[in-house]
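Thanks for coming, everyone. Let me put the structure up, and then I'll walk you through the parts I'd like you to see.

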Amino acid sequence: MNSPNLWLYSSLSRLQQPKSYKGKIMLVAFVGTHIPLLTLLLYFLISNSFSLEMTIRVLVIALVATLVGTGCTLCALHHLLLPVSLTSRALQSYLREKKLPQLPTQFTDEAGTLMTDTVQTIKKLDVVIQRLTDYDDLTDLPNRDLFRNYCQKTLINLPNDKHLFAVIALNINNFRSINNTLGARIGDLLLKAVAERLVTNGGQNNYVCRLGNDEFAIAISHLTTIEAVTERAETLLKTLLPAFILEGKEIYISASLGIAVSPNDGSHIDSLLQNATTALNQPQRCEPNRYQFYGSEMNAQLQKRLLMENQLRQALERGEFFLHYQPRVKAHTGQVVAVEALLRWHNPILGMVSPAVFIPIAEANGLIGEIGEWALYIACAQNKAWQSAGLPPIRMSVNLSAQQVKQPNLAEQVSQILEKTGLDVAYLELEVTESLMMENVQQALATLQQLHELGIMLALDDFGTGYSSLSYLRHFPIDTLKIDRSFVTDVVTNLDNSAITNAIIALAKSLYLNITAEGVETQEQLEYLQAQGCHEIQGYYFSPPIPAEAIADFLQPPPLPLSDNSQEYNQRSLTHITPTPISQLVHYHSPD
Ligand code: C2E
Ligand code: CA
Ligand code: CA
């Protein structure tokens, strides 16, 4: 301030009024432009050689000229000083609101470069400040704030709740003692090296941050199974196992992980991070190189699901699957015309597991393709075995999962199975659901058409629970509608459900479709559906899903004469093929 060049500026800045710099310059200009007028006035005052009239005239002209000149000067100055006031305003708005300046940058004089340099300097400064506030100095990893922002954005944009988002809190065990014995410098190098390994070897869609000290957090998106989460946790632990060589010293470390998974453990990053940290600090984690899921109940559930996923992988090889068959009967005669093949899984550890539980898991981890193919093969082979045993031929209805319909070679696979088992195509029906067709309409349509061209009947399962779009009913080569059990359950008592059921039946009839009602449990339901003109009935009223041998009894022709009893016995024993024919499956996969 005391710099000699600033004496005028510093004296002016002491003035209370006008406050602004522009105002002060204007004041100086105002005074400056009045100097000629004042000089003239003084001259007239001290010299007596002019008449009063002349004096007044000259002074008035001078005054008018001065006022006009002053006005023009002040106006021009106001505009010329704009670069300074704009720059000052831009700096203030960056300071207050972090808004980057928008100033013209095409001028090259001092005022122009003032604006250009301000813009450039603030932009550079902003990058540096951002780096300082968003990233960790030591490891260059994102810090907690940036991590939170990233995770929250990712969580909001998750395509659906089938996508898991895992947040893993990682702690280096005994970091403090490493720091104390080898020194803070080695400690810092170690943290840097850990950060680098977590980033480069942690797998895809991995976002690593340093929470502070020796704690890191890792967010992983695009996961679909808990098994995948545990695989990633194991990868993280493994990547830290090999020795770190720092300044010639070999250092081995271990880490512990706490895991929280969205949507189960929260849908906001703060709760996920907190739950992951809670899991990390649970007493069970004392063992190094261990990971712990959040919450004991959740943990138990996840462990169970994990166990199920693991067991499911080997279930096919171990022959743990078998099929039960539920008869479908003609509504008016009670004659069995078809059976639906329903998967059953008995696992030595888990016991019987419902298909409603394991099929979604098999769909998520991609096993459903193989399992579905197995089920189709066994069902066809079973139907052929019944026919070969001389039982009246019936249709075999097999459920297809969405994943199977997505397989480009499904039709080929089905026709190979038919060929292999020797089953006539007329005795196979496939059940698909509405949601499956809506996912990828064009592809589903093409696949279903191929199946239809082979001569296979197609049934639309669980009708009424999904989109129930009329247009695809017309376009898809569907032969049968299966009215979902939820409508049939209280069709007699619930007016809404009976209205829906009647509408579905009327619709199916207008499209010349065959109608099956699922889940019929009572005489009243049966009578109601008969009256509505439903074609086929399936449900506990007639029979639950039962083993193949029991179905053979259903299909048995009228008893043979007593003397032929032994033959009947032989026939029955023929009608059931073993439920775990892995040898057949191997044989099927490698045709001779
Ligand atoms: P879904 O295809 O709708 O099969 C009908 C389900 O309803 C079966 O359950 C059957 O046991 C049950 N059910 C039949 N009648 C009645 C009744 O009168 N009352 C009651 N309360 N229930 C009845 P399940 O066997 O537990 O199968 C559940 C689901 O698992 C099936 O529903 C199907 O979506 C799926 N599933 C079963 N086997 C397979 C398969 O081989 N492949 C595929 N992709 N999915 C299968
Ligand atoms: Ca079904
Ligand atoms: Ca169904």
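Ser221 is buried, with a relative accessible area of 4%; buried means under 20% relative accessible area, exposed over 50% and partly exposed in between, with a 1.4 Å probe and protein chains only. This serine belongs to strand β3, residues 215–223. Strands here are DSSP runs of E with at least two residues, helices are runs of H or I with at least four, and both are numbered from the N terminus. Apart from neighbours within four places in sequence, Ser221 is in contact with Tyr150, Thr154, Leu164, Phe165 and Asn205, where contact means heavy atoms within 4.5 Å.

A quick word on what you're looking at. This is a predicted model, in which local features need pLDDT of at least 70 and side-chain atom pairs count only at pLDDT 80 or more, while totals for chains, interfaces and linings use all residues. Residues are numbered from 1 along each chain as its sequence is written, chains are lettered from A and ligands numbered from 1 in the order in which they are written, and side-chain values use heavy atoms, with hydrogens and water left out.

Now to the metals. Which residues hold the calcium ion that is ligand 2? Its protein donors are Glu340 (OE), Asn399 (OD1), Glu431 (OE) and Asp461 (OD), at 2.2 to 2.3 Å. Donors are N, O and S atoms within 2.8 Å of the metal, or 3.2 Å for Na, K and Ca; water is not among the atoms, so sites may look incomplete. Along the sequence, the donor residues for ligand 2 follow the spacing E-x58-N-x31-E-x29-D. Asn399 sits in strand β11 (residues 395–399) and Asp461 in strand β13, so this pair ties together parts that are 62 residues apart in sequence. Asn399 is partly exposed at 29% relative accessible area, whereas Asp461 is buried at 6%.

The other calcium ion to look at is ligand 3. Glu518 is buried, with a relative accessible area of 10%. And how far apart are the calcium ions, ligand 2 and ligand 3? They are 3.9 Å apart, and Asp461 coordinates both.

Most residues other than glycine have a negative phi, and most peptide bonds are trans. Asn213 also has a positive phi, near 45°; it lies in the loop between β2 (206–212) and β3 and is exposed at 53%. As for cis peptide bonds, one joins Gln17 and Pro18, with omega about -15°, and one joins Ser262 and Pro263, with omega about 10°.

Next, Lys482, in strand β14 (residues 480–483). At 0% relative accessibility, this lysine counts as buried. Its side chain makes a polar contact with the side chain of Glu431, at 2.7 Å. A polar contact is a pair of N or O atoms within 3.5 Å; within protein, one must be able to donate a hydrogen and the other to accept it, and residues adjacent in sequence count only if both atoms are side-chain atoms. Beyond four places in sequence, the residues Lys482 touches include Glu340, Asp461, Asp462 and Glu518.

Finally, ligand 1. It is surrounded by 20 residues, the closest being Arg344, Asp461, Arg485, Glu521 and Tyr540; a residue counts as near if one of its heavy atoms lies within 4 Å. A ligand nitrogen is 2.4 Å from a side-chain N or O atom of Glu521, and a ligand oxygen is 2.9 Å from one in Arg344. Strand β9 gives the largest share of the shell, 4 residues. Arg344 itself lies in β9 and counts as buried, at 14% relative accessibility. Happy to take questions!
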